Amino acid sequence: MQLPVLDRLILKSKKPSRYAGGELNAARKDLAKARVRWALAFPDTYEVGMSNVGFRLLYHALNERPDVACDRVFMPWPDMEAALKAEKLPLFSIESRAPLKAFDIVGFTLQFELCYTTVLAMLELGGVALQSSNRTRADPLILGGGPCTYNPEPIADFFDAFVIGEGEEVVHEISDAVASWKRSNAPREDLLWLLAEIPGVYVPSLFRVHYNPNKTIARYEPLKPGYESIVRRVIPDLNLVPQAEKPIVPFMQTIHDRLPLEIQRGCTRGCRFCQVGMITRPTRQRDPNDVRRIAENGLESTGYEEVGFLSLSAGDYSCIDGVLEDFFDEFGPENVGISLPSLRTETMSPHLAEQIKRVRKSGFTVAPEAATERMRRVINKGNTEANLLHAVDTIFEAGWDLVKFYFMIGLPSERDEDVRAIVQLSAEALRRGRRKNPRAEINVGVSTFCPKPFTPFQWDPMISYAETQRRQGLLRDELRKLGRGFRNLHVKPHDAKQGALEGALALGDRRLSTAVLHAYRAASTPNRESASARPARSERRAAPNTSTSSCSACTTPRTSRSGSAPSFRRDSRCSTAGRSTPRRRP
């Protein structure tokens with residue numbers, strides 16, 4: 001008996017587990033019986049998307065409703081993309097193998113600006129019109145959520161609506177609105193007006209942009225009376241955020257292949273460059289008893305042998321010492337480990353240092369961001385050189401062989417000596433590390449500062465592509481001066497072209513949508529393979545094989561100036577995670 005065409009394509013693909021579905025704890029619902037059908041879409045490959053905590057949380061939250069069915073959709077690898085086009089088959093969901101057009105809502109998670117062309121590729125592969133103005137009542141509603149929605153204007157023409165802020169509650173309100181609209185047989189425009197009534201939902205088509213003679217933005221005219229500003233959604237109590245009792249266990253190794261558990265949301269530190277620390281305020285902590293219960297249930301239902309305690313700064317979690325001690329006392333004999341994907345150097349207390357000695361050792365990431373005391377004061381980082389060197393001493397003494405640093409160049413008021421100090425400080429850390437561990441090795445990642453909305457630096461300029469190249473040259477020159485004795489110090493600046501593109505997309509308005517569309521049309525399949533293979537920024541900021549790391553710079557985008565775009569206001573109120581070796585219990 002011959003297999004169906006789609007089954008044959010999946011089996012012939014490079015990694016069939018990306019598309020096969022049927023994973024442990026995955027939802028299995030009949031789309032025909034659901035009142036509302038969601039497709040959660042991630043504009044990257046399966047292994048990247050399934051490492052995103054927010055994506056997984058929304059999937060389980062929606063499928064807990066008996067009247068809602070939620071499937072997952074990812075960008076296929078180029079071999080599968082080409083095969084679907086050759087067979088004239090549309091992009092399909094993992095669970096039901098239903099085409100993208102079969103869903104009422106397609107919700108994209110937007111983590112990184114360079115994924116925008118991938119969004120267009122998924123829409124076109126799914127048979128959905130790229131421009132929102134060309135969609136009919138029969139087409140799915142295209143939603144966007146995630147950090148990029150704090151400046152959604154460069155892609156506003158392609159989306160029907162955006163969710164600004166936290167999505168765990170608003171997705172249910174959107175589901176109810178869509179269900180009501182489906183019963184009414186009203187035109188598509190009525191649905192957009194219904195969505196505009198939901199706090200935190202931004203409908204771009206309900207605003208008309210007016211420009212000055214010099215082509216700057218004059219104002220945004222609301223087309224719906226009373227719809228002048230959007231208040232971001234915030235859940236006041238982290239204990240109310242649903243955690244899946246039985247998380248999905250992928251068949252393949254994902255970027256972060258462990259049990260994710262969010263212990264804290266928000267940050268009190270106030271680094272001036274960091275958007276995520278600003279937009280996720282106030283700081284909310286999960287009850288330690290809930291942390292233990294969720295970890296126990298998750299380990300029991302998945303077989304994972306590692307738990308990731310996720311937050312922007314795990315050392316700021318008030319109960320971190322007690323949680324770690326209790327966790328290791330209970331699960332240590334079963335060889336269950338933990339990862340702390342965010343740990344600030346100044347929170348490295350002696351007791352915490354003793355606890356992290358019990359963490360599995362692969363790599364440890366620290367994000368000082370600036371190498372001189374003056375620049376750390378400028379960005380309000382809050383740590384000192386002594387904090388960093390003490391943390392590095394502790395890390396290497398505890399048994400780690402590899403530490404990864406993250407720095408930025410192009411910060412406001414930066415001088416050449418501040419750039420050179422990145423290599424100098426890293427070299428001093430390696431010298432000290434060798435005294436504790438002769439195998440000590442340090443990798444240094446250096447990105448270019450990009451101003452983000454709702455931060456004190458939001459109006460500061462980003463350095464040009466040429467200036468980025470010049471400052472990267474200063475790093476190479478300084479590294480060359482160290483000589484052969486520092487072969488275990490690896491300085492790796494981020495791609496300057498990608499940084500320039502990120503800045504343009506993060507700072508742009510609606511007129512940039514034509515450039516996004518042109519870039520997609522001009523892209524060849526090999527170029528899209530490169531884009532699909534590249535992890536989102538949040539994953540790239542974390543070190544490969546990381547068990548413990550530090551909070552790194554926010555990489556979410558910047559919105560248009562106040563008064564030039566609809567106001568995204570706060571109502572009084574990222575985590576990065578390292579990659580670990582997959583460990584699951586039998």
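Is Tyr150 buried or exposed? Tyr150 is buried, with a relative accessible area of 4%. Buried means under 20% relative accessible area, exposed over 50% and partly exposed in between, with a 1.4 Å probe and protein chains only.

This is a predicted model, where local features need pLDDT of at least 70, side-chain atom pairs count only at pLDDT 80 or more, and totals for chains, interfaces and linings use all residues. Residues are numbered from 1 along each chain as its sequence is written, and side-chain values use heavy atoms, leaving out hydrogens and water.

**Ring pairs**

A pair of aromatic rings is described by the distance of the centres and the angle of the planes. Rings of Phe, Tyr and Trp (its six-membered ring) pair if their centres lie within 6.5 Å; planes under 30 degrees apart count as stacked, over 60 as edge-to-face and the rest as tilted. The count here is 14 aromatic pairs. Two of them are set out below.

| Pair | Centre distance | Plane angle | Class |
|---|---|---|---|
| Tyr150 and Phe454 | 5.8 Å | 85° | edge-to-face |
| Phe327 and Phe331 | 4.8 Å | 45° | tilted |

Tyr150 and Phe454 link distant parts of the chain, 304 residues apart. Phe327 and Phe331 both belong to helix α10 (residues 320-331). They are 4 residues apart, so about one helical turn separates them. Helices are DSSP runs (H or I, at least four residues), numbered from the N terminus. Both Phe327 and Phe331 are buried.

Ring pairs also join Phe108, Phe159, Phe162, Tyr202, Phe207 and Tyr227 into a cluster.

**Charge over a ring**

A charge sits over a ring if NZ of Lys or CZ of Arg is within 6 Å of the ring centre and within 35 degrees of the ring normal. The charged end of Arg137 sits over the ring of Trp181, 4.1 Å from its centre. Arg434 lies over the face of Phe486, 5.4 Å from the ring centre.

Terms used. Helices (H or I, at least four residues) and strands (E, at least two) are DSSP runs, numbered from the N terminus.
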